[in-house]
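User: I am new to this structure and would like to go through it step by step. Could we begin once it is in view?

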Amino acid sequence: MKVAKKYSKPIGLMSLFLSTMTYVGIFVIPFVNINNKVITASVLYVLSYIFFFISTYCLGKSFFQTIKEKFRNIWISLRG
C-alpha cells in the first residue's frame, strides 16, 4: 500500500497534465490536416475526461479545492 501511495501524486499530476494537453489538442485540430476531425476530437475529449478522473482519484478532492481557492483569490484581487 505504501508503494501505491508513493506514486499517487506523480501519477495524478501526470494525468492532470495529459488531461490538459488532450483538451487543448481539441482546439488545434482545425489547423491540422487530419481526415476524420470529428472522430479525432471525440477521442481527445473522452481521453481528456478519463485522464481528469484518474487525476481526481489520485490527487484527491483537497488538491482541487486548493487550486480552486487560489484561482478564486486571483479573481477577487483582479476585480478590486
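**Burial and overall form**

Analyst: Of the 80 residues of the protein chain, 19% count as buried, where buried means under 20% relative accessible area, exposed means over 50%, and partly exposed lies in between (1.4 Å probe, protein chains only). This is a predicted model in which local features need pLDDT of at least 70 and side-chain atom pairs count only at pLDDT 80 or more, while totals for chains, interfaces and linings use all residues. Residues are numbered from 1 along each chain as its sequence is written, and side-chain values use heavy atoms, with hydrogens and water left out.

User: Which pattern does the protein chain follow when read along the sequence?

Analyst: Helices (H or I, at least four residues) and strands (E, at least two) are DSSP runs, numbered from the N terminus. The protein chain has three helices and zero strands. Read along the sequence, its pattern is α-α-α.

User: Is the protein chain more spread out than a compact globule, or less, and what is its radius of gyration?

Analyst: The radius of gyration is taken over C-alpha atoms, and the globule rule is 2.2 Å times the number of residues to the power 0.38. For 80 residues that rule gives 12 Å, and the protein chain is well over this value, so it is more spread out than a compact globule. The C-alpha atoms fill a box of roughly 45 × 45 × 15 Å, taken along the principal axes. The radius of gyration of the protein chain is 16 Å.

User: Which element gives the largest share of the nonpolar patch?

Analyst: The largest share, six residues, comes from α2.

User: Is Ser 8 buried or exposed, and what is its relative accessible area?

Analyst: Ser 8 is found in helix α1, and a polar atom of its side chain lies 2.7 Å from the backbone oxygen of Cys 58. In the same helix α1, Tyr 7 counts as partly exposed at 44% relative accessibility. Ser 8, by its value, is buried, with a relative accessible area of 17%.

User: How many residues apart along the chain are Ala 4 and Cys 58?

Analyst: Ala 4 lies in helix α1 and is exposed, with a relative accessible area of 51%. The C-alpha atoms of Ala 4 and Cys 58 are separated by 9.7 Å. Along the chain, these two residues are 54 residues apart.

User: Which side chains meet in a salt bridge?

Analyst: A salt bridge is a side-chain nitrogen of Lys or Arg within 4 Å of a carboxyl oxygen of Asp or Glu, and a search of the whole structure finds one. Its two residues are three apart in helix α3 (residues 61-79), which means that they are separated by about one helical turn. Both count as partly exposed, Arg 72 at 39% relative accessibility and Glu 69 at 37%. The side chains that meet, at 3.2 Å from N to O, are those of Arg 72 and Glu 69.

Technical notes
A polar contact is a pair of N or O atoms within 3.5 Å; within protein, one must be able to donate a hydrogen and the other to accept it, and residues adjacent in sequence count only if both atoms are side-chain atoms.
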